[in-house]
Amino acid sequence: MKKLLAICLTVLALAMLAGCGTTKQADTKKEMQPLTIGLMPDTDSLPFIIAQEKGFFREEGIEVNIEQYKSAMDRDSALQSGNLDGAVSDMLAVAFAKSGGFDVKVTSFTDGSYKLIASKDSGIKDVKGLAGKDVAVSRNTIIEYVTDQILAKENMDGDSINKVIIPQIPTRLEMLQNGKLAAATLPEPMASIAVHNGCQFVTGSDELGINPGVILFTAKAAADKKAEIQAMYRAYNKAVAYLNNTDRAEYIDLVIEKGGFPPVAKEALKLPKYHEAALPKESDVVDCIKWLNSKKLVTETYSYQDIVLDLLSK
């Protein structure tokens, strides 16, 4: 009888422990804090849109609120005012934030592409043809950085062209297509739209082998919402697999609508091969900091470790 009683008590104890474990897991999932992410109208942002619309965030038990911005300045203002936990951004924005006393952390690179496009009637076919011409950029952003890197490859500097500052990407595209500019540097899909509409591709970041696009989080979010960010990345990777392995026709209408792209992007949009979340190359970080230092835009020399935080490792 005593032996039977001992067995019953053991079974009861195990059941109670299992029940506690289940309750704890449920509570953990219930307590997952929401994330708010800022996106730009570019192809870097599409895995977030797919993860949201296909329910991948929900599958991982995380609520992600997406905010759309048309200019990097508006996105960065929202980040520093506390309205965003993180954003699809770039290495320059990271350095500017840190230099201004606002700590952010890069948690992965993105598959963004930035292209220099000449207007239809400019007659420009190569980089040297840009000398003395009006070229639209957004000041002190990844767009200007890529433009300067393109010029440097041809032994030209930023003063060899007339930089026209147009922060909003749709406005830059419209002015290029209307022949009010000789050229403009644009992210995808705006670059492909311009070419589709008769403009001339010159060169871009892919040809230079640089990839300064990143996903970043505020230092506070990185510290307080590590589990949430990891859940977000699991959903992000599901979206990457979906984009790489699904027929374009199945999602193109969705990304045009939710990405804030013009209707012509349905035909013109060329998507990259997306990569699962991974840390950026050290050279992409170092080269951006060197450019900022050379222009005296940032005086600090940040190391890779100062900027990049590994939240992807288990």
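How many of the five residues of strand 8 are buried?

View 1. Five of the five residues of strand 8 are buried (under 20% relative accessible area, with exposed meaning over 50% and partly exposed in between, for a 1.4 Å probe and protein chains only), so strand 8 is largely enclosed by the rest of the structure. In a regular strand, side chains alternate between the two faces of the sheet. Both faces of strand 8 are covered, with buried Ala 183, Thr 185 and Pro 187 on one side and buried Ala 184 and Leu 186 on the other. The model is predicted: local features need pLDDT of at least 70, side-chain atom pairs count only at pLDDT 80 or more, and totals for chains, interfaces and linings use all residues. Residues are numbered from 1 along each chain as its sequence is written, and side-chain values use heavy atoms, with hydrogens and water left out.

**View 2. The open sheet with strand order 7-6-8-5-9.** Five strands form this sheet, and their pairing is mixed. Strands are DSSP runs of E with at least two residues, helices are DSSP runs of H or I with at least four residues, and both are numbered from the N terminus. Two strands pair if DSSP finds at least two bridges between them. Strand 7 (162-165) and strand 9 (200-204) are the edge strands, each pairing on one side only. The twist averages 30° from one strand to the next. Strand 5 and strand 8 run antiparallel and are joined by five bridges; Leu 116 has Thr 185 as its bridge partner in strand 8. Strand 6 pairs with strand 8 in the parallel sense over two bridges, and the bridge partner of Ala 136 in strand 8 is Ala 184. Strand 6 (residues 134-137) is also joined to strand 7 by four bridges, and these two strands run parallel. In strand 7, Asn 162 is the bridge partner of Asp 134.

View 3. Axes are lines fitted to C-alpha atoms, for helices over the stretch in contact, and angles run from 0 to 180 degrees between N-to-C directions. Thr 171 is found in helix 7 and is partly exposed, with a relative accessible area of 31%. The C-alpha atoms of Thr 171 and Ala 235 are separated by 32 Å, the two residues being 64 residues apart along the chain.

**View 4. The open sheet with strand order 2-1-3-10-4.** This sheet has five strands and mixed pairing. Strand 2 (64-68) and strand 4 (104-109) stand at the edges with a single partner strand each, so one side of each is left without a neighbour in the sheet. Neighbouring strands are turned by 30° against each other on average, direction ignored. Strand 1 (residues 35-39) and strand 2 run parallel and are joined by five bridges, with Gln 68 in strand 2 as the bridge partner of Leu 39. Helix 11 lies across strand 1, strand 2, strand 4 and strand 10 (213-218), running at about 150° to strand 10.

**View 5. Helix 2 (residues 46-53) against helix 11 (residues 226-245).** The two axes come within 8 Å and cross at roughly 100°. That makes helix 2 roughly perpendicular to helix 11 (65 to 115 degrees; under 35 counts as roughly parallel, over 145 as roughly antiparallel and the rest as oblique). Contact means heavy atoms within 4.5 Å. Helix 2 makes this contact through Leu 46, Pro 47, Phe 48, Ile 50 and Ala 51, and helix 11 through Met 232, Ala 235, Tyr 236, Ala 239, Val 240, Tyr 242 and Leu 243. By class, the contact has 12 nonpolar, no polar and no charged residues. Ala, Val, Leu, Ile, Met, Phe, Trp, Tyr, Cys and Pro count as nonpolar, Asp, Glu, Lys and Arg as charged, and the others, Gly among them, as polar.

**View 6. The largest nonpolar core.** This core has 99 residues, and those with the most contacts inside it are Phe 48, Ile 50, Leu 186, Phe 217, Met 232 and Ile 307. Helix 11 gives the most to the core, with 10 residues. A nonpolar core is a set of buried Ala, Val, Leu, Ile, Met, Phe, Trp, Tyr and Cys residues joined through side-chain atoms within 4.5 Å. Leaving aside neighbours within four places in sequence, the contacts of Ile 50 include Ala 239, Tyr 242 and Leu 243, along with Tyr 251 and Leu 254.
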